[in-house]
Amino acid sequence: MILYEIFVRDFSDQGTFKAVENRLDELVDLGVNALWLMPIHPNGEVNALGTYGSPYAVKDYTDVHPDFGSMTDVLDLVGACHARGMRILIDWVPNHTAWDHPSITDHPDWYTQNAQGNIVHPPGTNWMDVADLNYSQGGMRQAMLDAMRFWIADVGIDGFRCDYAEGVPQDFWEQAIAEMQASNPDVIMLAEGAAPWLHDVGMNMTYSWDGYGAIWQVFANGASAHSIQTSFEGEAATLGPLDRRLRFSTNHDETSWDAPPPTLFGGQDGARSAQAIVTFLPGTPLVYNGQEVGSTQVLNLFERIPIDWSTNPEMRPWMTTLLTARRDHPALVHGELTFDVQANVFRAERIHNDARGQ
């Protein structure tokens, strides 16, 4: 799977689902076969940050943001993806809601409260724009399951990217994944997190945070290229044969809070090198919208910054070659991996032996 992350607000000048649908063929040509839409729900206005508020402050789990379009538009987008053999995931935010979610008033017991009985933001964070959900409440759990099932069974999406998955109890994920698989046996569950227990409860994919960090240390701080190999081998030791890491050189968080790849990795050549590494290694490679034109724009989560698609025209054919090879070449799909790394050179090889032993 080649996964492409879309921030609907910034992906086009229109900032709509229809604008995404209109460019699906372009993404197929790029080599992409799965989409991840960042949160598409209405987001909160109470305690909102920035101009638009965080997309991760969800106000209604079973509706869509009116700026992006209608539920009919989402159904059209899902159908258009499936017609092209593409899978589509949506971002799911199970740990917290916006402060103006109806449950704040209707079911305050569904939220974590302090000694004074006041609802609190997620403990240990500075996420003041969201309220922490209390998973000891059975009614809250059931409402969350019902909302997830709606998107799988009624809308027809193929899975979820689960925000802050490690903040949600393991037994909830076990139940949720079993129920989603009852609606769609091939449901895809991507967890934002790296804890091995996430695979134990049924997640298909987890984040390669260590891999991203190792590549960043090589480019930004001059660390030995051996650290990339060490990171990969450390991750692999914790994974089962069907477990996958999501590999990335950026995503919405890194671009927003750290820097876009050309800035982070010392220019366009560095950005290409970092993306080549995460695409070459076993796992699921991610492309964040704008990477295929080497965008240097900081896509702040709380603002609207349409991507300038006219920059670095040489980047798109390079990315296409990389992604289509990763998707289609037997060695990059099934090949055995070996390393031959030097301090300043990351070098590795993947070899596929076909039925004739070649």
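Arg316 is partly exposed, with a relative accessible area of 23%. Here, partly exposed means between the two cut-offs: buried is under 20% relative accessible area and exposed is over 50% (1.4 Å probe, protein chains only). The model is predicted, so local features need pLDDT of at least 70 and side-chain atom pairs pLDDT 80 or more, while totals for chains, interfaces and linings use all residues. Residues are numbered from 1 along each chain as its sequence is written, and side-chain values use heavy atoms, without hydrogens and water.

**The fold as a whole**

The protein chain holds 15 helices and 12 strands. Both are DSSP runs, numbered from the N terminus: helices are H or I with at least four residues, strands are E with at least two. The radius of gyration is 20 Å, close to the 21 Å of the globule rule for 358 residues, so the chain is as compact as a globular protein of that length. That radius is taken over C-alpha atoms, and the rule is 2.2 Å times the number of residues to the power 0.38. Of the 358 residues, 53% count as buried.

**Charges and salt bridges**

The chain has 20 positive and 47 negative side chains. Lys and Arg count as positive, Asp and Glu as negative; His and the chain ends are not counted. Side chains of opposite charge can pair when their charged atoms come close. The structure holds 16 salt bridges. Each is a side-chain nitrogen of Lys or Arg within 4 Å of a carboxyl oxygen of Asp or Glu. Among them are these:

| Pair | N to O distance |
|---|---|
| Arg316 and Glu26 | 3.1 Å |
| Asp91 and Arg161 | 2.8 Å |
| Arg161 and Asp163 | 3.0 Å |

Arg316 meets Glu26 in a salt bridge. Arg316 lies in helix H14 (residues 315-328) and Glu26 in helix H3 (residues 24-30), so the pair ties together parts that are 290 residues apart in sequence. Glu26 is partly exposed too, at 29%.

Asp91 and Arg161 also meet in a salt bridge. Asp91 is buried at 1% relative accessibility. Arg161 is buried at 0%. Salt bridges that share partners join Asp91, Arg161, Asp163 and Glu192 into one network.

Notes
Charge placed at Lys NZ, Arg CZ, Asp CG, Glu CD.
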